Amino acid sequence: MRELADFAVHYARELGADYAEARLHSDLGNVYLMKNGNPEVAGFRREQGVGIRVLVNGGLSFASFNRPDKNLAEERVKEAVRMAKASVRVMRKPISLSHEKVVEEKWEVRPRTPFQEVSMREKIELLSDIDKAVSSPDEVEASVPSRILQLIESTTEKYFVNSEGATIISKVPRISFIGFLAAHEKGETEQDYIQKGESRGWEAVEEWKLIDHAKERAKTLGKILKTGRKAPKGKIDLILGNQIAGLMAHESTGHPYEADRIFGREAAQAGESFITKEMIGKKIGSEEVTVVDDPTVKNSYGYYLYDDEGTPARRRFLMKEGIVNEFLHNRETAAQMGVSSNAAARSSGFNREPIVRMANTFILPGDHVFDELVEGIRFGVYIKTFGEWSIDDRRYSMRFVGRECYLIENRELKGMVRHPILEITTPGFCSSIDALDKSLVFEAAYCGKGDPDQAIPVWHGAPNVRVRGVHLGGIV
Amino acid sequence: MELEEISPFIVDGGLRLGADEVAAMAIHNTSRQVRFANNEVTVTETWDEVRAGMLLKKDQRVLTASISELSTEGIQKALKDLVGMADLMAAHKNYAPLPQGPFRYQTIQGLYDDRIPKLQEKSVDYVESAINSALDSGGKRAAGTLLATDSESFLTTSGNVQANGKKTTINMVVRCLSNGESSGMGVTCGTTLGDFDPEEAGREAGRLAKMSERLKPGRSGSYDVILGRIASAGLFDIIGGMSSAFYVDSGFSCLAGKLGEKIGCDEIVVYDDATATEGLGSTPFDDEGCPTGRTTIIEDGILRSYLHNSFTARKHQTKSTANAGWINPRASNIIVKEGRLSEDELFKGVKDGLYVHNLTYIRFQDYRKGDFSASTRDGVFRIEDGEITEAVKGLRLSDNLIRMLRDITSLSKEAKQISHWWMGFGTPSVKTPLIHVKNVGFTVPTK
């Protein structure tokens, strides 16, 4: 269908489009699902289609189709051009795109062990072995009656062309594991969600050591239920573990720095941002905090070298030493700001417009070791993992509830505490960080945004961070 | 291959390759959307897609696929691959065969409106009138989406099912912002243009944004609350999702183990109704070919039924409720039965409380218990002696879903169908009145 993508761009220009692009995008994915030890289903999704975007007189239109039919391509391009023109009368300022270097490139991620070289039986057996390990009371010293385990392997291929002469061909394999576990003890439950994901082949699964990892997580749930005491409330110092600090980097620094949110384009859905375009250069965090988003981290779940507008990817410094430094841009928001795109345009499939997205968002590590963080706290809590997480749509006010948590007394880690609740604002959090350790741990996730929703693979990461003088409280 | 030929071809092909049972659904969907923000159209979109889903069962192994390559060769390759996978798969422990047809299907009135696929530039007019209406009502910046869909589907199963249907939907969400954090939201949706009212959606959004202009910081505490329809839809979307027997069996539903128990107040009645007129999730047949209908989930506060497909029904020793999903039963249209009070009477029943128009980012601390929290927005007001006295901001609802069901005291007598982006459990629509709940917990950030 590449010729249809080429045709669509040429035809749109013939019809008067000032700019046109087309992306032939195919996703081939296999899924294996086990629920409470039962192999519920295995299967696959094979999708291919062409997404077209045109800019006509300042009006923007997207169209997609998935049949190899030139008449259909013609019809869809005609409608896109017509609708772009029609939309102009409900616009005050025409949409424009930033000028970017035109690239012709081909890139791919080559897996060491392609998925197809590993038998499906081995994959099902792996899920079965994980299930057996986490459901064995002898192994995990807990009752874990609820278990959903899922393995997803996919390969995404794209052929991108635009009317400026860009041509970019890419191929990326991705693999992920998702596990939901719930442990029960005397009418109480604790739940955990595990997700691993990388842009690699089966070698990633081998390195994850999923059986041991899931077993440890299940064991921890049992320990929380058996030994966890009530968490303290009130003003306190905390250590937030890699997992929760990484999520905060994504949710409260990544999302509010998406320029389309800042300009209000997502107001009716994902929301806007407490960050305004005038806040570049404003200090909202402590000097220890630098948050970056980087699509070029090798093996990462959010890996890419060129975004879905053909712009070369690079590391973006969102917050530098506590100061608002840079937003995430596609070509539309970059033109609005009068800057260059930093290659944040991503699309989840052939049938979705590219919009501003994160890739791999993380807090840069500090120079402490973990024990030094603990030694700096007379009385506090170490929140290693989280359960609930929720944030408002301006990304200002958030709440999270700890899962695996330990009391810190007299500069030492003590016993487990249950469900500490932190409700805090983003500037409140960023300005309370006083030390970070040297570790950097990434977690995989699917990030949701757009309408219709576009779930895209990302990593978020962080060192362990110490925050001073925040309040634990909340209800439930 | 024509659309109607695809599903019989898949079923025949699968059986010829040795499958015990096969079901196939071929769908052509053409959807059109106009998105807008800051009183301007930001993008128009058209999606034109044909795809086929297939379910294949062999020796009690269960496999599914979704493909877009629908040539003879493409389908045959997919079937061969599925059969090959079946040989490597383990047997399903709660296996159930496909329901045996043929079945007779109810005609659902108003499921297709041939004006909707032809809207084209007219959809921009609708957006313009919604924006103007929002601004005329006092809002300053309107944002939202207009989504119009047109689909045709053909289902064939080896259980002697041949079914097909056409459907349109139209859905507009308008969010209007005023000063700073002030905002309001309105929704209008259905399967025809009959009751579709973009101006009213814009008016509601603009009116609430205007009413929210002077926001005062909210205070933590326990309040009597009137949940607006959009907020209520967010919560009953979850009830719809959690009543799926798949989630119940998974152990991640707060409805698990409560069948026959009183989980709500006497007044609360909740249905799933796939035959609802104008219902965005209406369909005469489910994915296994069963004729759909109405299932009572909660009646007089008692949990009466989960939602089933044939797999979960067999495990629960009951009949399918015709909510298949081949793997996961799913809600169609969740309907919360209206109460007896006018909106004025409902407000009069609140001496000191809150009105909450929308809940976003609903997240669970404990799915099994139902502990959750959510952000409030788009119109949060203090109610004193039955009257709205001021707009408040920054409140987070933190409570338990089952406790809230039990503490519902009354419902308004006018229900409206709602569908919006934050209904994260995937229920196509929730029809709900305003709901008064006692003693709901709210918190604010502390730093």
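At what angle do helix H1 (residues 3–16) of chain B and helix H2 (residues 72–88) of chain B pack, and how far apart are their axes? The points below refer to a predicted model.

1. Helices H1 and H2 of chain B. The angle between H1(B) and H2(B) is about 40°, and their axes are 10 Å apart. Angles under 35 degrees count as roughly parallel and 65 to 115 as roughly perpendicular, and the two helices are therefore oblique to each other. The crossing of H1(B) over H2(B) is right-handed. On the H1(B) side, the contact is made by B:Phe9, B:Ile10, B:Gly13 and B:Gly14, and on the H2(B) side by B:Ile75, B:Gln76 and B:Leu79. Sorted by class, this contact has 4 nonpolar and 3 polar residues, with no charged residues.

2. Domains of chain B. Domain 1 of chain B brings 40 residues to the contact and domain 2 of chain B brings 36. Among the elements that give two or more residues to the domain 1 side are strand E1 (21–37), strand E4 (141–157) and helix H4 (198–211) of chain B. Strand E5 (161–177) of chain B gives the most, with 7 residues. The domain 1 side has 19 nonpolar, 17 polar and 4 charged residues.

3. Sheet in chain B. An open sheet of 6 strands runs in the order E11-E10-E9-E12-E19-E18 in chain B, with mixed pairing. Strand E11 (302–303) and strand E18 (416–418) of chain B each have a single partner strand, so one side of each lacks a neighbour in the sheet. E11(B) pairs with strand E10 (residues 294–299) of chain B in the antiparallel sense, over 2 bridges. B:Leu303 in E11(B) is the bridge partner of B:Ile298.

4. Helix over strands. Helix H5 (residues 229–242) of chain B lies across strand E9 (270–273), strand E12 (333–336), E18 and strand E19 (429–432) of chain B. The direction of H5(B) is at about 125° to E19(B).

5. Contact between the chains. Chain B contributes 71 residues and chain A contributes 73 residues. On the chain B side, the largest share, 11 residues, comes from strand E2 (residues 40–58) of chain B. That side comprises 28 nonpolar, 23 polar and 20 charged residues.

6. E2(B) pairs with strand E3 (residues 59–65) of chain A in the parallel sense, over 5 bridges. Opposite B:Trp47 in E2(B) stands A:Ser64.

Technical notes. Residues are numbered from 1 along each chain as its sequence is written. Chains are lettered from A and ligands numbered from 1 in the order in which they are written. This is a predicted model: local features need pLDDT of at least 70, side-chain atom pairs count only at pLDDT 80 or more; totals for chains, interfaces and linings use all residues. Two residues are in contact if their C-beta atoms, placed from the backbone, lie within 7 Å. Helices (H or I, at least four residues) and strands (E, at least two) are DSSP runs, numbered from the N terminus. Ala, Val, Leu, Ile, Met, Phe, Trp, Tyr, Cys and Pro count as nonpolar, Asp, Glu, Lys and Arg as charged, and the others, Gly among them, as polar. Two strands pair if DSSP finds at least two bridges between them. Axes are lines fitted to C-alpha atoms, for helices over the stretch in contact, and angles run from 0 to 180 degrees between N-to-C directions. Angles under 35 degrees count as roughly parallel, over 145 as roughly antiparallel, 65 to 115 as roughly perpendicular and the rest as oblique. A crossing is left-handed if the near helix is turned anticlockwise from the far one by less than a right angle, and right-handed if clockwise.
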